[in-house]
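These are my comments on the model, as numbered points. Please read them beside the coordinates.

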Amino acid sequence: MGALDRFEKRIERAVNGVFARAFRSEVQPVELASALRKETDTSAQVLSRQRTLVPNAFTIALGPGDHDRIATWDDALGEELADAVTEHARQQHYAFLGPVSVVFERDEELETGVFNVRSARVRGSIAPATAASATPEHPVLDVDGSRYQLTGRATVVGRGSESDVVVDDPGVSRRHVEIRVEAGRASVRDLGSTNGTFLDGRRVESAPLVDGAVIAVGRTRITFSSRDRTRRPETSELDLGGDGR
C-alpha cells in the first residue's frame, strides 16, 4: 500500500466513526487529507541530505455550508488530520519546526464543496519525531513511548499545560525539568520539582546529556537520543547539587 493510500485510509477510518453523520456530501475528509498531503509535499524545503523541512501549521478555508457542517467535529477532525500529516511526514522522512496543527476557518465567498489550504512553518520548542534521524542539534525525546524532536533551545517537561511536553503523572511537578540544547550540546536541569529528577539512576540538579541517557521524573521515563556516540561523563562530572532537592 502506497503512502497516499495509507494517508487516506486513516481518515476513512475516522469518517466511518464519529464523523460519519457530519459528512454526507459536499467536502469530504479524505479530500482534505489529500490536499494536506499535497501541500506538505509541494512546500517541502530541502536543507540537507538528512533534513527536509515541511510546514506544520495548516489552515483550511471552507464555505459557510461546509464550515457549519463540521462545526461540531472541527477539533477532533483537526487532530485526526494533524496525525495523518505527521504519519505522512514520517514515511517521507520530513521534519517539522514545531507541533502540527490543522484549523478551519469560514470563508463566505467559497461555494459548497470548495476549500482552500494555507500552510506555514511555525517554530516551537518541540515537534513530532518523524523518521528523520536525531542529531545533536535536533535531538529526540522518547517520553514513555511518545517521541518528540527538540527544535527550540529550551524544552520544559511537566504535568502543567504550560509545559512544552505534558505528562499525565501525579509524581511530576507542573514544570518539572528543563532540557536545553545549545551549539549541539544538551543538558538537563531540575526546576525545583517536589520529587526530583534522576539521570541514569542518580538524582541531579543539572547535568550534561549524551545519546541514550535516561531521565526519570515521577514514574515517567524519558530517553534522550542525539546520535552523539561520545563517552558518557563519569559520575564525578555530574553536578548533583547541594541539597539534592
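**Notes on the model**

1. Helix α4 covers residues 74–92, 19 residues in total; at 1.5 Å a residue it should span 27 Å, and its end C-alpha atoms are 27 Å apart, so the two agree. The expected span is 1.5 Å times one less than the number of residues. Helices (H or I, at least four residues) and strands (E, at least two) are DSSP runs, numbered from the N terminus.

2. On the source: this is a predicted model, in which local features need pLDDT of at least 70 and side-chain atom pairs count only at pLDDT 80 or more, while totals for chains, interfaces and linings use all residues. Residues are numbered from 1 along each chain as its sequence is written, and side-chain values use heavy atoms, with hydrogens and water left out.

3. The buried residues of α4 are Leu-77, Gly-78, Leu-81, Ala-82, Ala-84, Val-85, Thr-86, His-88 and Ala-89. Buried means under 20% relative accessible area, exposed over 50%, and partly exposed in between (1.4 Å probe, protein chains only).

4. His-93 lies in the loop between α4 and β4. Its phi is positive, near 60°, although His-93 is not a glycine. With a relative accessible area of 47%, His-93 is partly exposed. Ala-183, in the loop between β12 and β13, also has a positive phi, of about 55°. Ala-183 counts as exposed because its relative accessibility is 82%. For context, most residues other than glycine have a negative phi.

5. An open sheet is formed by three strands in the order β1-β2-β4, with mixed pairing. β1 (45–46) and β4 (94–95) are at the edges with a single partner strand each, so one side of each has no neighbour in the sheet. β1 pairs with β2 (residues 52–53) in the antiparallel sense over two bridges; two strands pair if DSSP finds at least two bridges between them. Gln-45 has Leu-53 in β2 as its bridge partner.

6. The largest nonpolar core has 22 residues, of which Leu-141, Val-188, Leu-199, Leu-209 and Ile-215 touch the most other members. Such a core is a set of buried Ala, Val, Leu, Ile, Met, Phe, Trp, Tyr and Cys residues joined through side-chain atoms within 4.5 Å. β8, β12, β13, β16, β17 and β18 each supply at least two residues of this core, and β12 gives the most, three. A second, separate core of 21 residues includes Leu-32, Leu-36, Leu-81 and Phe-115.

7. Which residues does Ile-215 touch? Leaving aside residues up to four places away in sequence, they are Ile-179, Val-188, Thr-197, Phe-198, Leu-199, Leu-209, Thr-220, Arg-221 and Ile-222. Contact means heavy atoms within 4.5 Å.
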